[in-house]
Amino acid sequence: MANEKQFKLRTKFIATRGVKEYRATIPEWVNADDTVLEVGCEWGTTTVLIAERCGNVIGTDVSAECIARARRMHPEIRFEVLDGFDVRAAADIGGPFTKVYIDISGLSGYRSLLDGISLLTMYATVLRPEAIIIKSGALKHFAAHCLAWHGGTGP
Ligand SMILES: C[S@@+](CC[C@H](N)C(=O)[O-])C[C@H]1O[C@@H](n2cnc3c(N)ncnc32)[C@H](O)[C@@H]1O
C-alpha cells in the first residue's frame, strides 16, 4: 500500500501530439543551463533547435544510418547510436540530463500507450531529469483525460 516513504517520481511529463507541438515546447522547457538528451533524433532536426537554446545536447537514434547522416549534417553536435529502450546505456552516454526529449517512431497509437508510460517511468527513475517531453498523441489524450482526485472534482 502507498505510504509517505514510498519513492515518488519528481519528473514532469509533457506529452505532445505531432512534431510541431514537440518542437514548440523547446522555448518553454529548454534553458541555457540545461543538459538535454534526445532519444529518436533521426537526422537531428529537433536536436539542432535544442542546441540553439542550450550548448549541451546529445542526439541519439537506434538507426546507425540516421546517426551517420546527422553527424554529417551537423558536425558541431554530438550524436550517438542508442536503443531508447536501453535506459542503462542512455545513462552511460553522459549527463546528468536535466531534460529528456523522446520521439521514437510507433509511440503515437493507443496500442503503444503502455510502451510510452514504461519509457517515461524508466527515464524518470534512472536519469531523474526535471522534465521529459515525449511525442505521443495517445499519451497526450490519456493525460488530458486523467484527473488527480483531491475530492470535490465530480463531473
Ligand atoms: C519521427 S523520427 C524522429 C524525428 C526527430 N525527433 C525530429 O524531430 O526530427 C523517429 C525516430 O525514432 C527512431 N527509433 C525507432 N525506434 C527506436 C528506438 N528503440 N530507440 C531509439 N530510436 C528509435 C527511428 O530510427 C526514427 O529516426
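Predicted model: local features only at pLDDT ≥ 70, side-chain atom pairs only at ≥ 80, totals over all residues.
E80 is partly exposed, with a relative accessible area of 24%.

**Figure 1. E80 pairs with R71 and with R78.** Zoom in on E80 and you'll find a salt bridge to R71, where the closest N and O atoms sit 3.5 Å apart. E80 also meets R78 in a salt bridge, this one at 3.0 Å from N to O. Both partners are partly exposed: R71 has a relative accessible area of 40%, and R78 comes in at 38%. Side chains of opposite charge can pair when their charged atoms come close.

**Figure 2. K99 sits buried in strand β5.** Here we move to K99, part of the strand that covers residues 99-102. The side chains of K99 and D34 are joined by a polar contact of 2.8 Å. Leaving aside residues up to four places away in sequence, K99 touches several others, including W29, N31, V36 and P129.

**Figure 3. D103 and K135 meet in a salt bridge.** The N to O distance for this pair is 3.1 Å. The two residues link distant parts of the chain, 32 residues apart: D103 belongs to the loop between β5 and α6, while K135 lies in strand β6. D103 is buried, with a relative accessible area of 17%. Across the model, the salt bridge count comes to six.

How values were computed: Residues numbered from 1 in each chain as written. Heavy atoms only, no water. Helix = DSSP H or I, 4+ residues; strand = E, 2+ residues; numbered from the N terminus. Buried < 20%, exposed > 50% of the residue type's maximum accessible area, 1.4 Å probe, protein only. Polar contact = N/O pair within 3.5 Å; in protein donor to acceptor, adjacent residues only side chain to side chain. Contact = heavy atoms within 4.5 Å. Salt bridge = Lys/Arg side-chain N within 4 Å of Asp/Glu carboxyl O.
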